[in-house]
Amino acid sequence: MNIHEYQAKELLRGFDVPVPFGVMVSSPEDAGGRTFEDFMSKGTEVVVLKSQIHAGGRGKGHFVDTNTGEAIEMNGKPLRGVNVIKSDNIADTVYQYAKAMHGNTLVTIQTGDAGKVVNRFLIEEGLDIKKEFYLSILLDRATSRNIVMASTEGGVEIEKVAEETPEKILKETIDPAIGWQGYQARRLAFNLGFSGTAFKNFVKFIGKLVKAYEAMDCSMLEINPLVLTGDERIVALDAKVNFDDNALFRHPNYAELRDLGEEEPLEIEASKYDLNYIKLDGNVGCMVNGAGLAMGTMDIIKLAGGEPANFLDVGGGANVERISNAFRLMLSDPNVQVVLINIFGGIVRCDRVANGILEAMKIVDVNVPLIVRLDGTNAVEAREILEKSDLEFSVATTLKEAAEKVTEAVSSLAPA
């Protein structure tokens with residue numbers, strides 16, 4: 001589960017993690033008014049207006065008009081997702097920027113060309129930034145332990161740093177038996193080049209951040225950039241928080257943080273039926289049981305000349321209801337032109353899956369080519385059930401045969 005930056009910072013404040021003073025607004029009028037009331041009264045000369053969407057790269061992103069698709073400029077320059085504003089009439093300038101941003105589409109490296117429409121803003125105080133750093137805490141799946149990563153290369157994509165200068169990424173693993181240790185914080189601070197007051201402030205900062213990460217049941221907590229200010233403070237200038245979905249039952253208050261407007265509608269619908277669904281951009285819908293098999297099936301589709309339209313794991317209970325709901329989800333995507341069902345019968349028997357598919361097809365109108373491959377327990381019986389049916393679909397025995405049938409189906413759809 002993802003949340004907005006302003007929500008993440010509000011949660012971090014509860015753990016005494018230093019973040020800039022800021023307010024969230026949802027209209028240009030509020031942006032100008034709150035700037036005057038909350039910032040001018042404090043004597044703030046510089047404010048930062050940040051778009052609030054579930055995507056990174058906002059500072060380098062650009063706005064386009066949602067209706068016309070034309071690029072939007074301010075003062076002869078592309079309008080960005082994050083704007084530092086300093087002027088004699090700062091409240092009016094913030095209003096003008098917010099007006100240009102509100103309701104329009106921000107395109108970043110993470111949103112793709114489709115972009116995301118901006119309806120919320122975070123207005124923050126400008127800071128005297130001396131240096132930027134990168135800091136994150138996440139689960140290292142290779143060691144099954146939480147890991148703290150830090151780098152002097154803040155404000156840029158950590159993936160780029162990992163690829164070009166991996167030696168600049170520092171790592172400290174948290175031993176679950178003893179927890180985060182002071183010497184680890186001091187080692188990170190030293191290797192990042194901190195000294196004096198900044199050194200002490202960083203050690204305190206990282207200790208509070210680890211506490212927040214664990215208490216909130218995060219799967220990732222990223223601060224990029226983490227900044228050292230001119231007066232030696234350590235402040236989280238940005239914050240990205242992802243929660244572990246498996247721990248949400250311990251935090252019922254997190255439900256109110258969810259912004260459905262930032263999520264794919266089909267994925268929201270899938271969550272109602274406890275289906276693991278992620279929409280993709282391809283033309284071949286796939287229904288599979290098990291995440292590993294789903295990944296392999298998407299590879300098969302690619303090799304067959306198609307493009308996966310979704311990741312869909314129906315889990316161990318591939319019954320009529322789940323298969324029917326899965327069909328509805330896939331076929332709700334207008335891009336889906338072919339469907340591949342690839343089920344391995346382990347927990348659930350293949351003959352039951354076969355009967356479930358037949359019953360589901362009576363409920364849901366499957367109007368695209370359908371290829372079914374079942375293997376595992378009672379696979380032979382399942383294929384007999386499918387082949388004796390008068391419904392229209394193709395039955396495959398092996399992965400190779402399934403791939404060939406997908407190729408044939410995709411090719412038949414291509415214009416002559």
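Visitor: What makes up the accessible surface of the protein, and how much of it belongs to carbon and sulfur atoms?
Guide: The accessible surface comes to about 20,400 Å², and 48% of that belongs to carbon and sulfur atoms. Such areas come from the Shrake-Rupley method with a 1.4 Å probe; for residues, only the protein chains shown count as cover. This is a predicted model: local features need pLDDT of at least 70, side-chain atom pairs count only at pLDDT 80 or more, and totals for chains, interfaces and linings use all residues. Residues are numbered from 1 along each chain as its sequence is written, and side-chain values use heavy atoms, with hydrogens and water left out.

Visitor: Why is the run of residues 291-303 called a helix?
Guide: Helices are DSSP runs of H or I with at least four residues, numbered from the N terminus. Helix α8 has 13 residues.

Visitor: Which residues of α8 are called buried?
Guide: Buried means under 20% relative accessible area, exposed over 50%, partly exposed in between (1.4 Å probe, protein chains only). Ala-294, Thr-297, Met-298, Ile-300 and Ile-301 are buried.

Visitor: How do you know that they line one face?
Guide: Seen down the axis of α8, the buried residues fall within an arc of 155°, so they line one face. The arc is that of the directions from the helix axis to the C-beta atoms.

Visitor: What does the face turned away carry?
Guide: Gly-292, Asp-299 and Leu-303, which are exposed.

Methods
Helices (H or I, at least four residues) and strands (E, at least two) are DSSP runs, numbered from the N terminus. The expected span of a helix is 1.5 Å times one less than its number of residues.
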